[in-house]
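Welcome, and thanks for opening your viewer. Let's take a short walk together, one selection at a time.

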Amino acid sequence: MLRKVLLGTVCAAVISLPAAAQDEVEVLHWWTSGGEAAALNVLRGDLEAGGVSWQDMPVAGGGGEQAMTVLRARVTAGNPPTAVQMLGFDILDWAELGVLADLNALAEEENWDAVVPEALQAFSRHEGVWIAAPVNVHSTNWVWANANIMRELSLEQPTDWDSLISTLQAIEDAGYVALAHGGQAWQDATIFDSVVMATGGPEFYQASMIDLDPDALGSETMLEVFNRMGQLRGFVDDNFSGRDWNLASAMVINGEAGMQVMGDWAKGEFLNAGQVPGEDFLCFRFPGTQGTVMFNSDQFVMFELGDEGQDAQVAMASAVMSPAFQSAFNVVKGSVPARTDVPNDDFDACGQQGMADLAAANEAGTLYGSFAHGHASPAAVKNAIYDVVTAHFNGEYDSETAVEELVFAVEGAQ
Ligand code: GAL
């Protein structure tokens, strides 16, 4: 029913759209933090230099839930933006409605097939047609640490669960906030990504988060995952609830907190604050997830606007996929290029590790879509798991109840 309603509205939208200027794109996105805005300005500058003006449509809210809500309202009102930042399964859901522009001609002309990893193409193409231009590859299984606190306390980078817990305890005992965190469902879920992988390993992550196997979701291993989430809950400060992710990053940047578990968009905040990896902050894989990469790729999709907006949309997709842009943008954003043919010369140590990890995981078959950022399951399932994870993190469920609720929630969302 929703599909028909939305499709009906959208078809009407395409017919009744106001004529957008040939050389203008209206871009809906959620890149509103300091580091994100700095990266976005690289794209905006490239387009404006190429004669395409940029109408900004920022929707604040980490992880993009709020942006997707605004998008649905815009489309329902018959007024879709020219281009939208989108993740994983959300792209495929919109593609199913037949409302996204076909980018095949450009993709063939620029040979995207040869340079975009298969794991990304799974979300950039629908039924063989390119419907999205991938900007980057982020990954979520990172820890960001304040280097001065680690040095002051003579702490080594933790490599397994027990050393992570003892390191957090030492930081807390020294009077710092051990774990900087923002109590928002998507942030709780971002930590959950790593704890599932660290506790059960790649096969368990695949079975539980991607295959949605009820036996895995209801297993003793999942009980241990929730117990571990409870341990991490014990290391956050009393004011964590509702805190935006970039304010948690700022706690590590300014030396108030020792660590943050967050995707590598956090690095954009450290760089934006003028900090240097290895000197001011450390980046390392969440202990127990080494050798795997849990990815989410920011892609731009273009809504089908008929002939009106096509030139500007093609210009934007081409700008997004240009190797020079993919280097300049990702150096600032904290992610790595979506293209495999971009040199790593301009990337810092964390960026070079990210690129090496991605290539190795791609080769080894240990590249997994992030559940928390829409690359493991459709939005309905993702949001159902969000609800259970955040209810547990906030103490509404004990671990046993969380496991039971997880099985029911996932079953009900499919
Ligand atoms: C992710 C997105 C990143 C960053 C992050 C925080 O979903 O891929 O680019 O925006 O959310 O909002």
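Keep in mind that this is a predicted model. Start by selecting Gly63 together with the ligand: a polar backbone atom of Gly63 is 3.0 Å from an oxygen atom of the ligand.

Then pick Lys333, where an N or O atom of the side chain is 2.7 Å from an oxygen atom of the ligand. How much of the ligand does the protein bury? Taken alone, the ligand exposes 310 Å², and the protein buries 100% of that.

Now widen the selection to the whole shell. The ligand is surrounded by 14 residues, and the closest are Glu36, Asn296, Asp298, Lys333 and His373.

Time to zoom out. Colour residues 2–138 + 296–353 as domain 1 and residues 140–294 + 367–413 as domain 2. Their centres, taken over C-alpha atoms, are 27 Å apart. To see where the domains touch, select the contact, which takes 28 residues from domain 1 and 30 residues from domain 2.

For the last stop, bring the ligand back into view with both colours on. Why does the ligand lie between the domains? Domain 1 and domain 2 both give residues to the shell around the ligand, so the ligand lies between them.

Note on methods: Residues are numbered from 1 along each chain as its sequence is written. This is a predicted model: local features need pLDDT of at least 70, side-chain atom pairs count only at pLDDT 80 or more; totals for chains, interfaces and linings use all residues. Side-chain values use heavy atoms; hydrogens and water are left out. A residue is near a molecule or strand if one of its heavy atoms lies within 4 Å of it. A polar contact is a pair of N or O atoms within 3.5 Å; within protein, one must be able to donate a hydrogen and the other to accept it, and residues adjacent in sequence count only if both atoms are side-chain atoms. Accessible areas come from the Shrake-Rupley method with a 1.4 Å probe; for residues, only the protein chains shown count as cover. Domain bounds come from an automatic or database domain assignment. Contact means heavy atoms within 4.5 Å.
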